[in-house]
Amino acid sequence: MINGVQTFMPRMIANGGGHIVNTASMSAFVALPTTAIYCTTKYAVRGLSESLRIELDKYNIGVSVLCPGGVNTNIHESVLARPEKYGQTGYYGADPEVFKRLKSVIEGGFDPVDLGRVVLRAVERNDFWILPYPEFIPTVEKNTEEVIAAMQMYEDDPDYARRRKAARGAGQGHARRPLIARRRRLPRTGRDPREMPIAPAPRFRASSQASNGRGATSPH
């Protein structure tokens, strides 16, 4: 992913703009047992994307981060393509029973083509977050509340008072905010994104990536 950004970003800047889509995972928000290394990489993609979003806007380069949950692919069989010298991961190998169990978990997820339509529309709107998995809302809300509560524990700390005073003196200000803002609900269209026709491609076409550097995506 970093190689891809380093390859395409200078070309996008030279061409006056573009759009980068990085693929992370809902594991960039939700940790599960036995996935420590996997989650580490997905949190890193999220952090990279958030940083790029801030830095690249002045170059007319949009950034999106796609965080899939279940997608009905054969990702569980990726171990079959792994070079032998990297084969001993300690996770799982070419085990048909494991493949069967993992497939049963993901086969109810998005069809890849339908998810592609969702991503295309998000790029057309210049959305940063692409999170078409509302079933994760309770878990993400719970984790967010826990993080904010951990910060609020120190609201009466003397050093926080000192920092707030210094910030006010510098004209920055540190306003207190409610624990959790009411979640803004977007207007519903009444249409299932999976049933919407494919819209015309945006101005930065995936087919032109290799030749002019005006679009780039990173693999999951």
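**Entry 1. Helix α4 and its cover**

I looked up what covers the buried residues of α4, and the cover includes β1 (18-23), β2 and β3 (129-130). Helices here are DSSP runs of H or I with at least four residues, strands are runs of E with at least two, and both are numbered from the N terminus. Buried means under 20% relative accessible area, exposed over 50%, and partly exposed in between, with a 1.4 Å probe and protein chains only. I listed the buried residues of α4 as D114, L115, R117, V118, V119, R121, A122 and V123.

I noted that the model is predicted: local features need pLDDT of at least 70, side-chain atom pairs count only at pLDDT 80 or more, and totals for chains, interfaces and linings use all residues. Residues are numbered from 1 along each chain as its sequence is written, and side-chain values use heavy atoms, with hydrogens and water left out.

I then took the length of α4. The helix runs over residues 112-125, 14 residues, and spans 20 Å from first C-alpha to last, close to the 20 Å expected at 1.5 Å a residue. The expected span is 1.5 Å times one less than the number of residues.

I checked both ends. At the start of α4, a side-chain oxygen of D111 comes within 2.8 Å of the backbone nitrogen of V113. Just after α4, N126 has a positive phi of about 60 degrees.

**Entry 2. Cores**

I searched for nonpolar cores, defined as sets of buried Ala, Val, Leu, Ile, Met, Phe, Trp, Tyr and Cys residues joined through side-chain atoms within 4.5 Å. The largest has 17 residues, of which A24, F29, L56, V65 and C67 touch the most other members. Two or more residues each come from α1 (2-15), α2 (36-56) and β2 (61-66). Another core lies apart from it, with 11 residues, including L115, V119, I130 and Y133. I had already listed L115 and V119 among the buried residues of α4.

Which residues is F29 in contact with, leaving aside neighbours within four places in sequence? I found Y43, R46, C67, W129, L131, V140 and N143. Contact means heavy atoms within 4.5 Å.

**Entry 3. Salt bridges**

I counted 5 salt bridges in the whole structure. The criterion is a side-chain nitrogen of Lys or Arg within 4 Å of a carboxyl oxygen of Asp or Glu.

R46, a contact of F29, bridges to E50 with the closest N and O atoms 3.2 Å apart. Both residues lie in α2, 4 residues apart, about one turn of the helix. I read R46 as partly exposed at 22% relative accessible area, and E50 as partly exposed at 32%.

R163 bridges to D159, with the closest N and O atoms 2.8 Å apart. This pair sits in α6 (residues 158-169), also 4 residues apart, about one turn. R163 is partly exposed at 40%, and D159 is partly exposed at 32%. I traced a network of salt bridges linking D159, R162 and R163.

An α-helix has 3.6 residues a turn, so residues three or four places apart point the same way.

D127 bridges to R125, with the closest N and O atoms 2.8 Å apart. D127 is partly exposed at 22%, whereas R125 is exposed at 54%.

I placed H19 in strand β1. Is H19 buried or exposed? H19 is buried, with a relative accessible area of 8%. The side chain of H19 makes a polar contact with the side chain of S64 at 2.7 Å. A polar contact is a pair of N or O atoms within 3.5 Å; within protein, one must be able to donate a hydrogen and the other to accept it, and residues adjacent in sequence count only if both atoms are side-chain atoms.

I looked for positive phi values in loops. T34, in the loop between β1 and α2, has phi near 70 degrees and is not a glycine. T34 is exposed at 66%. N60, in the loop between α2 and β2, has a positive phi of about 60 degrees and is not a glycine either. N60 is partly exposed at 38%.

**Entry 4. Totals**

Buried residues make up 30% of the 220. Among contacts between residues at least 6 apart in sequence, 72% join residues at least 24 apart.
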